[in-house]
Amino acid sequence: MFSRYKKPNQPPKLAVAPGAAPAPAAVADAPAPDASRAQTARRAPPPAAAVPAQPVAGDKERKRKERMGELKVELHKRLLENLNLSALEHASETELKTEIGAISGEAMTEMSISLNTSERANLVQELYDEVMGLGPLEPLLKDETVSDILVNGPQQIFVERGGKLQLSDITFKDEKHLLRIIDKIVSAVGRRVDESNPYVDARLQDGSRFNAMVPPVAVDGSLVSIRKFKKDKLAIDDLVRFGAFTEEMAAYLQAAVSTRLNVIVSGGTGSGKTTTLNALSSFIDNSERILTIEDTAELQLQQIHVGRMESRPPNVEGKGAVTQRDCLRNALRMRPDRIIVGETRGEEVIDMLQAMNTGHDGSMTTIHANNARDGISRLENMVAMAGIEMPLKAVRSQIASAVNLIVQASRLQDGSRRMVSITELTGMEGDVISMQEIFRYERLGLAPDGKIIGRFTATGVRSHYSERFRQWGYDLPASIYEPVQD
Ligand SMILES: Nc1ncnc2c1ncn2[C@@H]1O[C@H](COP(=O)(O)OP(=O)(O)OP(=O)(O)O)[C@@H](O)[C@H]1O
Ligand SMILES: [Mg+2]
């Protein structure tokens, strides 16, 4: 069965791995020196164990790790030499792992290296990840508890778990290894990254958002950032359960989205903007036609009638770019009821504001800002940068009539993500946009375990849109606007 995946007439090389130590005392499961390929082949494939990250404990452990690293490089080289890569596409994971197990078993026998069962299983998994997947990144991509993967050069991989960044003990062998994996990712989506194109955005097969920057622009080795794609996006109920906002706030947001207010979700990087936008979209009625525009398609709307667009960067000749603005302009000709732009960050702001002002009410987007007031300034700046010659007051009144609500998302220092403010835009007072905060998160202190103690409260201000809510059948009780009593 292996011959299908093995290159014909290519006997494995007999080179000894550099640094391969003499055979340690044979371990029970090590293949006998004369073990034939067929015997190895019949063996049940090792379980697909995730590669455990071994803490570096002392010199001995470090040396062993180094030797294993060298062994892996040698085995990887042999696999590439010996495996028939074109036949691999149709091979099942089990078949391939059995084949890898056989080839590496053979090599280890030649190199007089023996490993126990779990070491072998880990090795086969790692080699499988190298050949078919993204090498050391693979176990992190499979790990559901990891939400972000941040690589700072080959020796440092940080992961985010539960809102907290932690250094993992997974590493790449060297920069060349890291570059090979980056290249594998970007070439799969027809892009290129090198000295002349030192940074790139891509989407992994599983939908994860990927960005890489390579040397010399990245000074200490390639930088990679991956936002893992969450198959089951957090829904409103989950967010309420996790304490991102309260049920009262959810009821208010439901009224706001259902009655087609234009909403902007504002927040810092990784604060939960996209998650919030996605959750808010669940309040949109199934009968509406929604068009989504994103740089990297992350939104997962549950409605029936959804058209998704993804902008496209220019190709290597600098041609063929389709910007968010292009998509947005085209979207206006596609009879949308609502338009959702994943993140407004540039000239598309003009078309977004126009869309919000001209019959596509109920549209939503996110912006990068630290509070509602900053969010407005950011919109003003984006309009100015788009080269629109308009007096500031005119820009402001455009914004004031387009945007009804700014929802502020924030990642607090304890890693929790909360909706720290919901603010309504109520019009203009002179040259200034008037706003009123309806709900906010109040920080009260810090628990000994570092968790932030706080609470959500209404500000006591009744919504500017209460009458609209009532007319649309969302009769929110006056009590939801009452502040929490001490
Ligand atoms: N309230 C929450 N509780 C727990 N996890 C959350 C919450 N909100 C978001 N997350 C998780 O935090 C990560 C970042 O969220 P998200 O992608 O929505 O952030 P973002 O502000 O859009 O980031 P970026 O600025 O990079 O686009 C995701 O893995 C998401 O699942
Ligand atoms: Mg986002």
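Predicted model: local features only at pLDDT ≥ 70, side-chain atom pairs only at ≥ 80, totals over all residues.
How many bridges join β10 to β11, and do they run parallel or antiparallel? Select both strands: 2 bridges join them, and they run parallel. Helices (H or I, at least four residues) and strands (E, at least two) are DSSP runs, numbered from the N terminus. Two strands pair if DSSP finds at least two bridges between them.

Residues are numbered from 1 along each chain as its sequence is written, and chains are lettered from A and ligands numbered from 1 in the order in which they are written.

Next, show the open sheet of 9 strands, ordered β9-β8-β10-β11-β7-β12-β13-β14-β15, with mixed pairing.

Now select helix α12, residues 348-357, where 8 of 10 residues are buried (20 or more other C-beta atoms within 10 Å of the residue's own, with C-beta atoms placed from the backbone; exposed means 12 or fewer, partly exposed in between). Among the buried ones are V349, I350 and L353. After α12 comes G359, with a positive phi near 90°.

Finally, go to β2 (residues 157-161) and β3 (residues 164-167), an antiparallel pair with 4 bridges. E160 stands opposite L165 in β3. The hairpin has 2 residues between the strands, and G162 there has a positive phi near 55°.
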